[in-house]
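Please keep the sequence and the model in view while reading the points below.

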Amino acid sequence: MQLLKDFSKEYSLFAAIITYFVISHFEHTLVQTTLGNFIGFSVLFAVIIYAAMSVAHHAEMLAEKFGEPYGTLILTISAVVVEIVIIAIMMIHEHNPELARDTIYAAIMLDINALLGLAAIIGGIKYGEQPYNIDSSNSYLSMLLVAIGIAMVVPHFMDAAHIDTYMMFNVVMFILLYITFTRIQVASHRYFFEYEPEEAELCDAEGNCEHHHKINGWYHSVNLIMAIIMIGVLSEILAVFMSNTLQTYGLPLSIGAVGVAIISAAPELITAVRAALDNRMQTVVNIALGASLATILLTVPAVILVTRYMGMDLNLAITPVQGVMLGLTLLVSIVNFNDGETNMLEGFLHVILFVVFAYLLFV
């Protein structure tokens, strides 16, 4: 009975199902007019973000049950799965070879500059400085440098005759990288990605810490999967309205990639802000840098395999502007995250980089 009561409160899931049937019924009518396209796009985008909040909630419950680093691993993988599903659907619809590249680029800008920057500002205002385990940031950033270089920089210097073979080579390499890094994160070097404040240790010593054995892992896992499925289903319709809306208003197609990144990053942003307010910067670092790493290590092999299977073109080589922005983001991150503490100034610098990124979208 309690499960039924809890399930009856899954409003975002019911909203997603109802929206799917309503929009599907009126889709052909809505796409005929500019106003109809805008309404369809707005409603679908809002409902998908609402469903993404449900993903964040259930991922947070699982994180609370299993602890770090499993919690943020669940959240980042959930967000990346959402991203991969949407990218695959939109690539099939749009046949845009740069969509995956632009989405990965936008996701990294959102995760590191917007999400981590905003969380550092919020936490800095409330606590001044927030500590975390420096080993985690060093590990993430070194992996990001390697992954971005291999997937998005090296293709610039590859002969066209060998690029397809190199892509398949990347699939194998990235899967091995992700498996290796995940094993390090959850097993051999798990302590790299954990930070226990002194008060938490005292709490444990006194036996007053709250345990969360009562959280139903199966319930939250099933609802998490259902929310991701509904996001994928709605995204297939969203692709049509997004394409028409961008063409109507003469906006660049890269805006669509940012939309995909926003949808996938929404659960992470919500969780990161809550963690910053609770003085849990380690969780924020794990989410922001972990999501960026998972995005490139999982999305790249997925889109390579999808495009190969569908016979579509794929271009992952970053543009000069994207290269400069990614380089600045990683360079500033290396400088900022070398002392084991974040503050408001560091957050402000990352937010400024995100503002520049947003400005460049329209230039």
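**Briefing on the predicted model**

Leaving aside neighbours within four places in sequence, Y127 is in contact with A276, L277, D278 and N279. The structure is a predicted model, with a mean pLDDT of 84 for the chain. The points below begin with the surroundings of Y127 and then turn to other parts of the chain.

- A polar atom of the Y127 side chain lies 2.7 Å from the backbone oxygen of L277.
- Y127 and D278 are 151 residues apart along the chain, and their C-alpha atoms are separated by 9.6 Å.
- N279, another contact of Y127, is located in the loop between α10 (254–277) and α11 (281–310).
- The relative accessibility of N279 is 29%, so N279 is classed as partly exposed.
- Most residues other than glycine have a negative phi. N279, a residue other than glycine, has a positive phi near 60°.

- At the start of α3, the backbone nitrogen of G36 has a side-chain oxygen of T33 within 3.0 Å.
- H58 is placed in helix α3, which covers residues 34–66.
- Is H58 buried or exposed? The relative accessible area of H58 is 0%, so this residue is buried.
- The side chains of H58 and H220 make a polar contact at 3.0 Å.
- Apart from neighbours within four places in sequence, the contacts of H58 are E10, Y219, H220, N223 and L224.

**Aromatic pairs**

- How many aromatic pairs does the structure hold? There are eleven aromatic pairs.
- In one of these pairs, the ring centres of Y105 and F357 are 5.4 Å apart; the pair is edge-to-face because the planes meet at 80°, which is over 60 degrees.
- This pair links distant parts of the chain, with Y105 in helix α5 (residues 99–127) and F357 in helix α13 (residues 344–361), 252 residues apart.
- Both partners are buried: Y105 has a relative accessible area of 6%, and F357 has one of 2%.
- F181 and F193 form an aromatic pair that is also edge-to-face, with 5.7 Å from centre to centre and 80° between the planes.
- F181 lies in helix α7 (residues 163–188) and F193 in the loop between α7 and α8, twelve residues apart, and their pair is another that links distant parts of the chain.
- F181 is buried at a relative accessible area of 7%, and F193 is buried at 0% relative accessibility.
- F181 and F193 also belong to a cluster, in which ring pairs link them with Y140 and F192.

**The nonpolar core**

- In soluble globular proteins, nonpolar side chains tend to be buried together.
- The largest nonpolar core of this model has 101 residues, and the members that touch the most others are I231, V284 and I296.
- Which residues does I231 touch, not counting residues up to four places away in sequence? They are I48, A51, A52, V55, V82, I86 and I263.

- D6 is found in helix α1, which covers residues 2–7.
- The relative accessible area of D6 is 26%, so D6 is partly exposed.
- D6 and T180 are 174 residues apart in sequence, and 38 Å separates their C-alpha atoms in space.

**Confidence along the chain**

- Of the residues in the chain, 93% reach a pLDDT of 70 or more.
- Which element has the lowest mean pLDDT, and which the highest? Helix α8 (residues 198–206) has the lowest, at 47, while helix α12 (residues 320–336) has the highest, at 94.
- Over residues 200–209 the pLDDT stays under 50, and the model has five contacts beyond four places in sequence for these residues.

Key: Residues are numbered from 1 along each chain as its sequence is written. Side-chain values use heavy atoms; hydrogens and water are left out. Helices (H or I, at least four residues) and strands (E, at least two) are DSSP runs, numbered from the N terminus. Buried means under 20% relative accessible area, exposed over 50%, partly exposed in between (1.4 Å probe, protein chains only). A polar contact is a pair of N or O atoms within 3.5 Å; within protein, one must be able to donate a hydrogen and the other to accept it, and residues adjacent in sequence count only if both atoms are side-chain atoms. Contact means heavy atoms within 4.5 Å. A nonpolar core is a set of buried Ala, Val, Leu, Ile, Met, Phe, Trp, Tyr and Cys residues joined through side-chain atoms within 4.5 Å. pLDDT is the predictor's confidence in each residue, from 0 to 100. Rings of Phe, Tyr and Trp (its six-membered ring) pair if their centres lie within 6.5 Å; planes under 30 degrees apart count as stacked, over 60 as edge-to-face and the rest as tilted.
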